Amino acid sequence: MSSNDAVDVQSFIDHQPFSGFQWVIFALCFLIVLLDGFDTAAIGYIAPSLIQEWGVTKPALAPVLSAALFGLAGGALASGPLADRFGRRMVLNTSVLVFAAACLASSFAADLQGLTVLRFATGLGLGAAMPNAVTLISEYSPSKRRALITNAMFSGFPLGAALGGFLAAWMIPHFGWRSVLVLGGVAPVILVVLMLLALPESVRYMVAKGLPADRIRAVLGRISAAASGARAFTLTETKSVAAGKRGLGVVLSRSYAVGSLMLWLAYFMGLVIFYALINWMPILFKDAGLDPKTATLVAALFPLGGCGAIFFGWLMDRFNANRIIAVGYALTAVAIYAIGQAAGNVGALVVVVFVAGTLMNTAQVSMPALAAAFYPTQGRATGVAWMLGIGRFGGIAGSFLVAELTRQKLGFSEVFMVVAIPGLLATVALLVKQFSHPETATAQRSADAPARLDEEMQGAH
């Protein structure tokens, strides 16, 4: 590389081996999302203890169960435009610190009202952290493996939610329900320290903002020494964007509006299912005759299935991502219905809950990678964040949905039949997105082609 060479940053990332520096970024983003999942799901696992200790009814829990979701929506909607303006790193560090402090404070709540306020504050931090972790790892990933890497990172969310269930089943009998929230506050404080030391700004963001070449070179140099001779850096976008548009202007522009709406609808419906079940399954299973510990452990199998998203990421990098995820949602609807038919048989319940969780979380965890690939750099953080933010209202709807279904005295099987319907609606939304933007998959495969051709030529030599 001569001293006059200008380097396209995405092409540079595409042509280098995945470095130790990128693995550090992946690990930190994975831990952010893992703790996000843990703190988000924690309230569902301590809900039976709240009913017992504070003497509240199940419908009265709906506000505290959904408070964090309102915060998650607000945090996501605000953080995307902030990250596209001020950078991914600053928003990530701040948001993790916010949800750490609020979750720790929640452990000292004296009543349902105080806990509701603190869960909202926790949600603000959680909602801001997740989309920016997705955006950052996506922008440090090679094009031909972006969905695989992003899905693998985002699988930390359901794993964190499942970890919360297993830890809660052990911690609550020994240390009380407050100990779960203490852990959910202390762990991210430690993570913030690591992030301040090791997490870089997005190199694509730095080029798009015209930051000094020395700063960009220093970051790319940690991926490969091949960047040391570059004196200028460029950013070639495969996605069109109108001149001067940034953030929400890109997301709602004519070129992206229909796809944005369908992404919002699909993610919304997925979270209706996820939060309806993660918040209420321990209670529903207990009412169906399981003892509280068994009910919690079986419910914890549902988010554990998110590891299947790694396989979906592999498929998404090779085939039509919209159709792959649509199939995942359709199968989810069938599996959720099957949970309602397994009452009274613990063995069958264990199997169908795990299968349903694998399908549900595989489809849902794949959505941020789909959104990150859909938008250009100028609107990527906002696009991912707004999908996650709008989707959070689906989580709120899911929490209140089951509360209303129990108030109407629907049976166990009937509740799960109703909760299965959003899976079908998410399927339709992604098929509409594919119909409206058939060029997306073709454009992505075309963008990856030069890197694959280069690798084949190197192999021939």
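Reader: Which way does α2 pass α3, in a left-handed or a right-handed crossing?
Author: Good place to start! This is a predicted model, and in it α2 passes α3 in a left-handed crossing.

Reader: Which residues of α2 and α3 meet?
Author: From α2 come Asp36, Thr40, Ile43, Gly44 and Ala47, and from α3 come Val64, Leu65 and Leu72. By class, that contact has five nonpolar residues, two polar ones and one charged one.

Reader: What makes α2 oblique to helix α7?
Author: Compare the angle with the cut-offs. The axes of α2 and α7 (residues 156-175) cross at roughly 40° and come within 6 Å. Roughly parallel needs an angle under 35 degrees, and roughly perpendicular runs from 65 to 115, so α2 is oblique to α7. In this case the crossing is right-handed. Several residues of α2 take part, including Phe30, Phe38 and Tyr45, and they meet residues of α7 such as Phe157, Leu163 and Ile172. The contact of α2 with α7 holds 15 nonpolar, seven polar and one charged residues.

Reader: How do you know that aspartate 84 and arginine 88 form a salt bridge?
Author: Check the distance from N to O: for these two side chains it is 2.9 Å. The limit is 4 Å, so the pair qualifies. A search of the whole structure finds five salt bridges.

Reader: Why do aspartate 84 and arginine 88 count as buried?
Author: Buried means under 20% relative accessible area. Aspartate 84 has 2% and arginine 88 has 0%, so both pass that test.

Reader: Are arginine 217 and aspartate 214 buried or exposed?
Author: Arginine 217 is buried at 16%, under the 20% limit. Aspartate 214 is exposed at 54%, since the cut-off there is over 50%. These two form a salt bridge, with closest N and O atoms 2.7 Å apart.

Reader: Why are arginine 217 and aspartate 214 separated by about one helical turn?
Author: Because they sit three residues apart in helix α10, which covers residues 213-221.

Reader: What makes glutamate 404 and arginine 407 partly exposed?
Author: Their values are 32% for glutamate 404 and 45% for arginine 407.

Reader: Which residues do salt bridges with shared partners join into one network?
Author: That network is made of Asp84, Arg88, Glu139 and Arg380.

Reader: How do you know that phenylalanine 374 is buried?
Author: Its relative accessible area is 2%, and buried means under 20%, so the label holds. Phenylalanine 374 belongs to helix α16, residues 346-374.

Reader: How far apart are phenylalanine 374 and valine 353 in space?
Author: Their C-alpha atoms are 32 Å apart, with 21 residues separating them in sequence.

Notes:
Residues are numbered from 1 along each chain as its sequence is written. This is a predicted model: local features need pLDDT of at least 70, side-chain atom pairs count only at pLDDT 80 or more; totals for chains, interfaces and linings use all residues. Side-chain values use heavy atoms; hydrogens and water are left out. A crossing is left-handed if the near helix is turned anticlockwise from the far one by less than a right angle, and right-handed if clockwise. Helices (H or I, at least four residues) and strands (E, at least two) are DSSP runs, numbered from the N terminus. Contact means heavy atoms within 4.5 Å. Ala, Val, Leu, Ile, Met, Phe, Trp, Tyr, Cys and Pro count as nonpolar, Asp, Glu, Lys and Arg as charged, and the others, Gly among them, as polar. Buried means under 20% relative accessible area, exposed over 50%, partly exposed in between (1.4 Å probe, protein chains only). Axes are lines fitted to C-alpha atoms, for helices over the stretch in contact, and angles run from 0 to 180 degrees between N-to-C directions. Angles under 35 degrees count as roughly parallel, over 145 as roughly antiparallel, 65 to 115 as roughly perpendicular and the rest as oblique.
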